[in-house]
Amino acid sequence: MKAAPFDYVAPDSIEAAVDHLARGGGESVVLAGGQTLMPLLALRMATPSVVVDINRIAELSGVSRLDGATRVGATTRQATILTDPTIAAHAPTLAQAVRNVGHHQTRNRGTVGGSVSLGEPAAELPATALALEAMIETRSPRGTRRIAAGDFYTGPYSTVLEPDELVVALHYPDLPANTLTLVHEVARRPGDFALTGFIGAFTVDGGAISRARISWLAMGPTPMRSPKAEAALVGQRVGQIDLDEIGRLAASETDPMDDGHASADYRRTAGARIFRRAVGQALETR
Amino acid sequence: MSDHKIRLTVDGGPVSKTVEARQTLGEFLRDGCGRTGVHLGCEHGVCGACTVIVDGKAVRSCLMLAVQADGTEVTTAQGLAAPDGTLSPVQQAMMDEHALQCGFCTPGVVMTMTALTAGGARPTEAEIKAAMSGHLCRCTGYQGIMRAARKLAGVNA
């Protein structure tokens, strides 16, 4: 297999990269970790005229703290998330999620920004961005903007990003104290795409849930929140929650597909069950 | 299409070549550097046979462009044995534990295992399994591969 011919540029600044994208007029594509783009090129499902490699832009990589949030540069490798002390201290949910992303060998190249901007509906990092209410920082010839993860996805592999707009970082706001976070999924084999899965963040105050965030992967055209189930959880006393009902409610708010891997019914049923089991265990053993 | 001059280290030796932008690192290592020990299986990131070590990290060489390897240090399975032919500890463990059958997936497996145990690291059983899940062995010879990895890591099965 061989990719169709393309031109390759590796700018060393964000400005130069955005300039290449603007001049490409939609015919250029960003190469971050390449763990999805490279197969698409090899299979000729993508035939860009210019590949803009952003791996040589030093300022795009790294983890830092900024205004009560953890800022993760777009080309920070997924493998880095597993060992970074700032992530462990302030955004451990991200590390929980990354453990399920691809394989050791792909995490060594794959980036956080690449996965978030690709918007694969069954991927962990877009759903995590949604559950953690991350802000996506971008740069284009029109300047910098920050997009809420909840406003970012418009469909499978579709986002509000303009063709000349580059994701430069993700901002994960600190969670309230006493927040439990969970990442659970069902996949045929570890590293495979999930058939269903959820990311949960539950804040417990004085024995009751005071805040809940639930997002699903592989349960619709985009990662999806379950706002009714989140609202239903608030105020409930830990130990007295009907998690069967909440799980069913949460899964009913999704829009899963039938495909060769699983039916929509299966996804909803399995999703509700892993929700009940995982949330129940986590709240009991807290 | 653009051509690019790259300089890198392959198995300890300097290499300087011109590559086409679309050439993958795996293709380049095979066709440009004589490293036919890099086995290209699926060529789209599924099988793991083409795994090499780039700057100390195990990566799939079909999922990286050759031009991206400019300035890096690449190790393939052909760079592991000593000049006198003495096998590396990983290679020896693979042989002792009969961890290869047809041998197609072997170079990739060996490179992941090499990265995993570099510098005397002792991965746990769970870490070994997680890392090895990135390789497909069509002979289904996984038990031998796991025995070799456990032996290297000093994990008792």
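Please keep in mind that the model is predicted. In chain A, three strands form an open sheet with parallel pairing, and helices α11(A) and α12(A) pack with their axes 8 Å apart. Chain B, for its part, is divided into two domains, residues 3–78 and 89–153.

**The sheet in chain A**

- The strand order in this open sheet is β1-β3-β2 of chain A.
- β1 (7–9) and β2 (28–31) of chain A each have a single partner strand and stand at the edges, so one side of each has no neighbour in the sheet.
- From one strand to the next, the twist averages 25°.
- Three bridges link β1(A) to β3 (residues 50–53) of chain A in the parallel sense.
- If you want a pair to look up, D7(A) has V50(A) of β3(A) as its bridge partner.
- Helix α1 (residues 14–24) of chain A lies across β1, β2 and β3 of chain A, and its direction is at about 165° to β3(A).

**The helix pair α11 and α12 in chain A**

- Helix α11 (residues 243–252) and helix α12 (residues 264–284) of chain A pack at an angle of about 135°, which makes α11(A) oblique to α12(A).
- The crossing of α11(A) past α12(A) is right-handed.
- On the α11(A) side, the contact residues are L243(A), D244(A), G247(A), R248(A), A250(A) and A251(A).
- On the α12(A) side, they include R268(A), G271(A), A272(A), F275(A) and V279(A).
- Taken by class, the residues of this helix contact are six nonpolar, three polar and five charged.

**Where chain A meets chain B**

- Each chain brings 25 residues to the contact: 25 from chain A and 25 from chain B.
- On the chain A side, the elements giving two or more residues are β1, α2 (37–42), β3 and α6 (104–107).
- That side of chain A has eleven nonpolar, nine polar and five charged residues.

**The two domains of chain B**

- The centres of domain 1 and domain 2 of chain B, taken over C-alpha atoms, are 21 Å apart.
- Their contact takes 15 residues from domain 1 of chain B and 13 residues from domain 2 of chain B.
- On the domain 1 side, β3 (51–54) and β4 (57–60) of chain B are the elements that give two or more residues.
- β3(B) gives the most to that side, with three residues.
- The domain 1 side has eight nonpolar, six polar and one charged residues.

Notes: Residues are numbered from 1 along each chain as its sequence is written. Chains are lettered from A and ligands numbered from 1 in the order in which they are written. This is a predicted model: local features need pLDDT of at least 70, side-chain atom pairs count only at pLDDT 80 or more; totals for chains, interfaces and linings use all residues. Axes are lines fitted to C-alpha atoms, for helices over the stretch in contact, and angles run from 0 to 180 degrees between N-to-C directions. Helices (H or I, at least four residues) and strands (E, at least two) are DSSP runs, numbered from the N terminus. Angles under 35 degrees count as roughly parallel, over 145 as roughly antiparallel, 65 to 115 as roughly perpendicular and the rest as oblique. A crossing is left-handed if the near helix is turned anticlockwise from the far one by less than a right angle, and right-handed if clockwise. Two residues are in contact if their C-beta atoms, placed from the backbone, lie within 7 Å. Ala, Val, Leu, Ile, Met, Phe, Trp, Tyr, Cys and Pro count as nonpolar, Asp, Glu, Lys and Arg as charged, and the others, Gly among them, as polar. Two strands pair if DSSP finds at least two bridges between them. Domain bounds come from an automatic or database domain assignment.
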